Amino acid sequence: MLLLVIPAPSRKAPVQSRISLSLGALAAFVAKDLPVRILYDTGNDSEFLELAAQVSHIGFTGMTYQMTRALELAGLVKSQYPEKIVIFGGPCAGLNHSRLFSENSAVDWIVTGEGEQGLSDILAGFPAPAGAIKRARPRFSPALVAPLDITSLPVVSRELLPDAGLEFDHAFGCKSAVVMFSRGCSGSCTFCATPVHFGRPRFRTPEQALAEMDYIASDFGVDCFAIEDDDFLFCPEFVSAFAEGLLIGKKYRFRVNLRLESANLELLELLVRAGLHKVTIGIEHSNPQILKLLGKQHDPGRLRQVLSWCRDLDLPAALLFMAGCPGETCETLNELRCSVNALSPSGGYDFQVFQPHPGHAAEKIALSRGHILTRDFDDFFSDNITFLPEAFHDATAYRDVLRSITGKMINLPGSLEIPFWRQGGGEFLIIHPDSFSKAEFDIEAYHWQGSDRCRTGLSIIKCRNCGVLEYSFCIKNPETVTGMLLHGRFASHPLDWPQGDENCSDVSILLNNTPVTETVFRPVHTIGEAMQFELMLPDVSLKKENTLSFVIKANAQRKNGLSIFYRPLCSFYHPLESPLVIRVTR
């Protein structure tokens, strides 16, 4: 039997969704040779070892911020079962094979590029598997295997995936199925590994795509689809036949990604009639020099034209931007913000922070245009700063600029790693977040402690919309207290954690009914955002028995509830356990 593992993300990353169609595709390809099990790792080492004991080969793949956990599990299984064969795949492993072999003795094989043939060859015992590197020859880098004929590949083994590859989708307001009908991309972005590892776009036939949607709708009861191909409109013949097939008696809704170069009014009109609900376009930046460094270019007039088409079709168009790129200055960031405001995309927008992922072309560019702040795989996730452009010299000041421009809680490496109350000595008052004395919110206020769908991160005190959450605490000799700092992990609580500034909450914190601060809780899921607040102000009257209140007023501009993060849902997150802590100085 083969065990394929979706590793838990970095403990530092507020990341939850880890649907991996690639492992479903690998499972389908090798299922003819041996049984396959896919493990959605939640940090439970015992569960992993129990499954590992039953198999001969164990495969890992994931994003950069999942590599540390993957290596941790590989070391764990080798310490218990040294005879097991450990295989890594995916862009991060392939681009960093020398580092993985040198820093970890548990990895036997690393498969580069598309993994189906290489994995199949290893399982069959071939001495020279396609596109694979063996520990005994770590300096040998095989040429990437020729692109596979995607039309000959089996359908993803969706039944093996977590939640069958379904997730709540805000574009539809319900669950959708994540699907891909192509591999590769027509772009040459330096921050992305897809063009290098998977080549130019190759599509399944329209008939295969439609049959897969019918199968998912029939077996899993969904009629909404998140089509995650990088450039869905790249092949007009495929798109036309696909849309025409949908118009013959099918009632599906779907969203797609596209590149500006491929946008076509006639195809968009046809797709809207067939059920297209939203499009997403990666723009990245407004500055031509920065775009060139990113391997992108676009005509501003073309962008405005495509957005105009979408408005005329009543089709929401979301734009994706990237801040903190090589060549970035305060001026280019302000220009980017102004450009976003002027475009006012009908489907919204999102900012990500540029990441010079280890091994990518972007890493070399970043080294020549600034400073890479970390080599820790765990730090490379969106909304975390790993690169300081040469125009900036103070990382903290740079972080504050990015927060202002993007409206997101951007952080520096390590800032989410250790709870504040464990970072030094002093006198502490511990308040357990589930011991609230008053909870009056519009919809709900309760202690969520995980579910079948989500078993990662921390438990959460969840309060929806607006209201008051209060805690009572006692303090000895209050007259001698000169300062109090409140520490905790907080977030807003919008339905199903959408991103964006509009999903924040404006929160007032009061001590003994006296306001001490006005703050913003942002939609940061899984582990929340580590924050601290000064509670002692001149007009605050401290007593032996006190009340700490979190208030979202009914007339607040943003009232998306609040979340207080607390206990780890599994041992993997134990270092992040976060009661409410008041640090007292006298």
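Which residue in E29 does His487 stand opposite? I looked it up and found Val581.

I note that this is a predicted model, where local features need pLDDT of at least 70, side-chain atom pairs count only at pLDDT 80 or more, and totals for chains, interfaces and linings use all residues. Residues are numbered from 1 along each chain as its sequence is written, and side-chain values use heavy atoms, with hydrogens and water left out.

Entry on E23. I looked up strand E23, residues 483-491 (strands, E, are DSSP runs of at least two residues and helices, H or I, of at least four, numbered from the N terminus). Eight of its nine residues are buried (under 20% relative accessible area; exposed is over 50%, partly exposed in between, with a 1.4 Å probe and protein chains only). E23 pairs antiparallel with E29 (residues 580-585) over five bridges (pairing needs at least two bridges found by DSSP). Six bridges join E23 to E26, also antiparallel, and there Phe490 has Glu529 as its partner.

Entry on Arg567. I found Arg567 in strand E28, residues 562-568. Arg567 is partly exposed, at 36%. Its contacts (heavy atoms within 4.5 Å) beyond four places in sequence include His432 and Glu577.

Entry on Glu116. I found Glu116 in helix H6, residues 116-124. Glu116 is buried, at 3%. Its side chain makes a polar contact of 2.5 Å with that of Arg183 (a pair of N or O atoms within 3.5 Å; within protein, one must be able to donate a hydrogen and the other to accept it, and residues adjacent in sequence count only if both atoms are side-chain atoms).
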